[in-house]
Amino acid sequence: MPDAVVIGAGPNGLVAANLLADQGWSVEVLEAQDVPGGAVRHDNGVDPDFTNDLFSSFYPLAAASPVLAGLHLEREGLIWTHAPQVLAHPLLDGRCAVLGRSLDDTASSLNAFAAGDGDAWRELHAVWERLRPDIIDALFTPFPPVRSGARLAMRLRTAGGLRLARSLVLPVRRLGEEEFAGEGGRLLLAGNALHADLAPETAGSGGFGWLMSMLGQTYGFPVPQGGAGAITQALVQRLVKRGGTVRCGERVRQVVVREGRAVAVRTSTGATVSARRAVLADVSVSALYGELVDRDHLPSQVLADMRRFQWDFATFKVDWALNGRVPWRSAEAGTAGTVHLADGVDELTRFAAQIAMGQVPDRPFALFGQMTTADATRSPEGTESAWAYTHVPQVVKGDAGDAGLTGSWDANEQELMADRIEHVVEGFAPGFRSAIRARRILAPPTLQSLNENLHGGAINGGTTAMHQQLVFRPVPGAGRPETPIKNLYIASAGAHPGGGVHGAPGANAARAALRGRLASGLVRAPQRILTRRDRAGQRSDGPSK
């Protein structure tokens, strides 16, 4: 019997398993898919000579994460690479805002839009540098972040205090208008805010856009050499060296609860895997509280709160193998790993408004990835392994375009939507479609079939909006990995701090399990952590019948 069972071999589950193994726990990870990795995988499915990431691709949060840094995955062969520039946001008139690898490059780009905007960016970056250590600590620790929060509050006093707090809760449109005279800086902030489901007019989108922009300025948007799965390979390899086990093709159907305590899991084959000390769930919150744990074991308030749980936007992705580099109108766009495609902030507002109304956008905002530009191993010399994704409503009520898309996402609708995305790219890169050797479409149902945590194609484990963050994530009064079930912990992006490959939800869950605390709305007194000698002298609990 292992000390812990981890449900799901995504990055958070594997981080949790590694941290438990580091403390001498025996750990078994059960993964429903035939391979580990969750949304951190790659393959050669578009073209045998091209490596394409299936889901996530660029990892600024991984580069900033003290959790991943502490695992020293470079010892397992993980190598990070970068494109010459971090991010570009071209416009149809040929201008292009660039988030550079250096602060000077970014400032120079923004000054081309309006004199003085480079200095405005430097000022935003200076605030970030003063606050960065405590922001990073607060972001990647359980809520409330007592120590880092106290230090951050002290630093805020010297950095403008309430005025800075006001800026961070502003909608990103307003923040951009206050900080920049030209469109360049506004584009960088607003485009980065829409990496999540935060429209330009949403409260708090300014803070998120600033955070992502500053992460990019400091850490870049790095990629793992050879493909996203290199992160997974390093995590699995590290875990196995420490005695952990990863079993793929093992779908967990039930968390077994006895007297309010998680004691085992049952798989789809009917097998029972007992856990001596903890069960950690790297699954979506709706799957945990709606499927794996019987409703009879959950407080009525949790069930009521889950009926209000909000998913983030659905995602529609296209992967390409290109015979040549992308023929951008703006040469600067060809130097960036990530390219944002929308002709201005108004276009971003229009896109988000259409999704809010349940419409498939007619001119979708596309996030475009140039993977060979960032990592030369991804495709033959002179070619490009590329992708783009956009967002669509979770529930489609209509089509803002003229194709009559219904959200059934059958084969015909997938082709029509992929063509729509390619039409957007063609506007910024005339001749793009003639460079396509092969393409693969990953519609919302496809993404979910490849990773059940991506409900309807949602990639962040739930909305990033303020009403479902901090103590509201995943439900009001939460903000921590503990659940109403003793020894059961949420280790997925559904828990604070949410989506992004940084390992924090898994690390928080592992630390909570090591503390042995209980949670039923509030955290209570900690249990004594048992030694191996203690465990040997005690009778272990088996599963309920």
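Begin with the lining of the largest cavity, which by class has four nonpolar, three polar and one charged residues (Ala, Val, Leu, Ile, Met, Phe, Trp, Tyr, Cys and Pro count as nonpolar, Asp, Glu, Lys and Arg as charged, and the others, Gly among them, as polar). To display this lining, select Phe58, His82, Ala83, Gln85, Val86, Arg101, Phe221 and Gly337; the volume they line is about 40 Å³, and a search of the whole structure finds one cavity of 30 Å³ or more. A cavity here is a set of points, on a 1 Å grid over the protein atoms alone, where a 1.4 Å probe fits but cannot get out, and lining residues have an atom within 4 Å of a point.

The model is a predicted one, in which local features need pLDDT of at least 70 and side-chain atom pairs count only at pLDDT 80 or more, while totals for chains, interfaces and linings use all residues. Residues are numbered from 1 along each chain as its sequence is written, and side-chain values use heavy atoms, with hydrogens and water left out.

Next, select residues 11-22, helix α1 (helices are DSSP runs of H or I, at least four residues, and strands runs of E, at least two, numbered from the N terminus). Eleven of its twelve residues are buried, so α1 is largely enclosed by the rest of the structure; among the buried ones are Pro11, Leu14, Asn18 and Ala21 (buried means under 20% relative accessible area, with a 1.4 Å probe and protein chains only). Just after α1, glycine 24 takes a positive phi of about 90 degrees.

Move on to helix α5, residues 117-139, where a straight helix of 23 residues would span 33 Å at 1.5 Å a residue, but the end C-alpha atoms span only 28 Å (the expected span is 1.5 Å times one less than the number of residues). Centre the view on leucine 131, where a kink of about 60 degrees lies shortly before proline 133; the bend is the angle between axes fitted to the seven residues ending at a residue and the seven starting there.

Then select histidine 496, in the loop between β21 (488-490) and α18 (504-515), which counts as buried because its relative accessibility is 5%. The side chain of histidine 496 reaches the backbone oxygen of threonine 141 at 3.4 Å.

Finally, select leucine 61 in helix α2 (residues 60-64), which counts as buried at 14% relative accessibility. Leucine 61 and alanine 495 are 434 residues apart in sequence and 16 Å apart in space, C-alpha to C-alpha.

Conventions. Buried means under 20% relative accessible area, exposed over 50%, partly exposed in between (1.4 Å probe, protein chains only). A polar contact is a pair of N or O atoms within 3.5 Å; within protein, one must be able to donate a hydrogen and the other to accept it, and residues adjacent in sequence count only if both atoms are side-chain atoms. On a 1 Å grid over the protein atoms alone, a cavity is a set of points where a 1.4 Å probe fits but cannot get out, and a pocket is an open set with protein on both sides within 12 Å along at least five of seven lines; lining residues have an atom within 4 Å of a point. Grid points are joined across faces, edges and corners, and a volume is the space filled by probe spheres set on the points.
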